[in-house]
Amino acid sequence: MLLNILHTTTYTYDHPVVLEPHRLRLTPRSDCYGALIEQSLNITPKPSHISMSVENDGSVSHWVTFEGATEKFSVQSKNVLNLSTDKNPFDFLIFPESCSNLPMVYPAELSGDLRIFLKRDMVPSRVREFAFEILEEAKWKTIDFLVMLSQRMKRDFVYEFRHAGAPYQPDDTLSSRRGSCRDWAILYMAAANAVGLATRFVSGYYFDENPKEPDLHAWAEVYIPGGGWRGFDPSLGLACYGHHIALATSATAAGAAPIQGTFLGYAHSTMKLELKYQYLALPVVV
């Protein structure tokens, strides 16, 4: 399936500002579920320089710099992807077999690389209790725990749209049992950390065959030995299976922001986001 994504973000300022260098994490990741075929960026004002960079997670970003003052900053990203949406998200090997049970003990050759994604000592006590309650119900099984955690949050929590602001702390989201997708992702990550699983935050897109109001989305990825990084979306209560398109991943939400930068000047800014999906016909092979 070919999917065309048109993503436009516009910032307006009530007084002229000077834009500092900005990092754009707007290049969809190519992985086992899909491949990027084409991308173009349309930026206003025209950058004085633009360069590509490979982030530490392997994703591609763009750095842009500007000259002069402006009252508007707009970035339009157009991407065409070839996607596979019929793959089984659990079709992978867990190796060594001991990693099929929790708490997770990573092999020595992995533990050093995953340390930044595993903040077990920083998990609030209430989140730890929440995680181990589900773990006991899951009979200490890794996959069962991850699925039950996402389904429990989907069942018991209230979703709210909140475009601006940093994610809530995980214990605050647990207490209120409500939040946006990024709040749920942070809580999911903390609960998984509590049982020894390395996690990272993902920003990107979610689509289905009949999108109503497309929007940026956030979810979590968990590192499973043998399976690698696997996505779980608590706001939808499911494992990611081809309808999630990652733009960036990081140990923190801030490190996966699609657009990141500052400006010089005294001004109030407003942001407008527009996202459109279009399904394209696959070429006919004769």
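What covers the buried residues of H2 includes helix H3 (142-156), helix H4 (170-176) and helix H5 (181-194). This is a predicted model, in which local features need pLDDT of at least 70, side-chain atom pairs count only at pLDDT 80 or more, and totals for chains, interfaces and linings use all residues. Residues are numbered from 1 along each chain as its sequence is written, and side-chain values use heavy atoms, with hydrogens and water left out.

Q: Which residues of H2 are buried?
A: Buried means under 20% relative accessible area, exposed over 50%, and partly exposed in between (1.4 Å probe, protein chains only). Val127, Phe130, Ala131, Ile134 and Leu135 are the buried residues of H2. They cover an arc of only 135° around the axis, which puts them on the same side of H2. The face turned away from that buried side carries the exposed residues Ser125, Glu129 and Glu136.

Q: Why are H2 and H5 called roughly perpendicular?
A: Angles of 65 to 115 degrees count as roughly perpendicular. H2 and H5 pack at about 70°, with their axes 8 Å apart; they are therefore roughly perpendicular to each other.

Key
Helices (H or I, at least four residues) and strands (E, at least two) are DSSP runs, numbered from the N terminus. The arc is that of the directions from the helix axis to the C-beta atoms. Contact means heavy atoms within 4.5 Å. Axes are lines fitted to C-alpha atoms, for helices over the stretch in contact, and angles run from 0 to 180 degrees between N-to-C directions. Angles under 35 degrees count as roughly parallel, over 145 as roughly antiparallel, 65 to 115 as roughly perpendicular and the rest as oblique.
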